[in-house]
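Q: Hi, I'm new to this one. Could you walk me through a few parts of it?
A: Happy to, let's have a look together.
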Amino acid sequence: MKLLNPNTRVVVLTGAGISAESGIRTFRAAEGLWEEHRIEDVATPEGWRRDPELVWSFYQGRRRQLLDVLPNPAHDALVDLEEYLGENLLLVTQNVDDLHSRAGSNNLIHMHGELRKLRCELCEVVVEAMEGVHLQDDFVTCQECPTGRLRPHIVWFTEMPFDMEKINAAVFECDVFIAIGTSGHVYPAAGLLAIAQMRGAYCIGVNLDPPENVDFFDEFHQGRAGEILPDLVTQWVGNEEE
Ligand code: OAD
């Protein structure tokens, strides 16, 4: 069904499921473990304070993995959607990988941070650091204030996601809200669907399993995003013959 025209305001929220077919494991696939680690150990400020070596080497491993993975057809489909909608599409991702930007999405917010970037614990300068020297297991010091140590530019549990004001404003005003590959467990991201629904947006879900908040969708498509999203996007924008 043709759902969109170039003036439709759309917010897309993506989660780990959209990168699964690129070979990056989702968070809740293995009984609360993320690549064999408890989330409390590697994704909290307390974990970082308790064992910075473990947390640093964990994220360095995830950063190095970016060099081995590629965007999949679901990422590409969202680039096509942006080509059609222009600035009327805001893509909000919970993913810390760089696959949306490598596919070519521009109007993109990484609400949980980015693996590609590091941030000084003292002066808070953010640097893009993907050269060999930045990918090793030794700590990297800040170039701006040499006593500062760099930490992953990742939002850990209990920390505030980035750009929430801009995200909330876009969700408040959107006509269509689409959530892809997210389990609906982690707030505030999981709450955006309910906000969109209450504000009258048409809400669509695309996920392998029904997520926690499935009842808020007007339309739910169950399957692998890389397999079903390209056709859905073609339908939403309407193809040439229509
Ligand atoms: P989850 O691991 O919680 O959920 C991934 C969802 O993707 C699940 O519902 C799967 O069924 C679905 N899925 C798996 N493969 C898929 C595929 N090929 N196509 C479509 N769906 C698929 O990941 P998120 O919801 O992204 O936060 O997790 C949210 C946040 O929790 C993450 O951003 C991270 C984590 O702790 C931080 O790091 C701050």
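This is a predicted model: local features need pLDDT of at least 70, side-chain atom pairs count only at pLDDT 80 or more; totals for chains, interfaces and linings use all residues.
**A chat about strands and helices**

Q: Okay, and how does strand β9 pair with β10?
A: β9, residues 176-180, runs parallel to β10, and five bridges join the two.

Q: What does the chain pass through on its way from β9 to β10?
A: It goes through helix α8, making a β-α-β crossover that is right-handed.

Q: And what about β10 and β11?
A: Those two are parallel as well, with four bridges between β10 and β11, which covers residues 219-222. Here I204 has E219 in β11 as its bridge partner.

Q: Back to α8. At what angle does helix α7 pack with it?
A: About 35°, with the axes of α7 (residues 164-173) and α8 (residues 191-198) 9 Å apart.

Q: Which residues meet there?
A: From α7 there are M164, I167, N168, V171 and F172, and from α8 there are L192, I195 and A196. By class, that contact has seven nonpolar residues, one polar and no charged ones.

Q: New topic: how far does helix α4 reach?
A: Its 14 residues, 52-65, span 20 Å from first C-alpha to last, close to the expected 20 Å.

Q: Which residues of α4 are buried?
A: Among them are P52, V55, W56, F58 and Y59, and also R62 and R63.

Conventions
Residues are numbered from 1 along each chain as its sequence is written. Side-chain values use heavy atoms; hydrogens and water are left out. Axes are lines fitted to C-alpha atoms, for helices over the stretch in contact, and angles run from 0 to 180 degrees between N-to-C directions. Contact means heavy atoms within 4.5 Å. Ala, Val, Leu, Ile, Met, Phe, Trp, Tyr, Cys and Pro count as nonpolar, Asp, Glu, Lys and Arg as charged, and the others, Gly among them, as polar. Two strands pair if DSSP finds at least two bridges between them. A crossover is right-handed if, with the strands pointing away from the viewer, the path from the first strand over the helix to the second runs clockwise. The expected span of a helix is 1.5 Å times one less than its number of residues. Buried means under 20% relative accessible area, exposed over 50%, partly exposed in between (1.4 Å probe, protein chains only).
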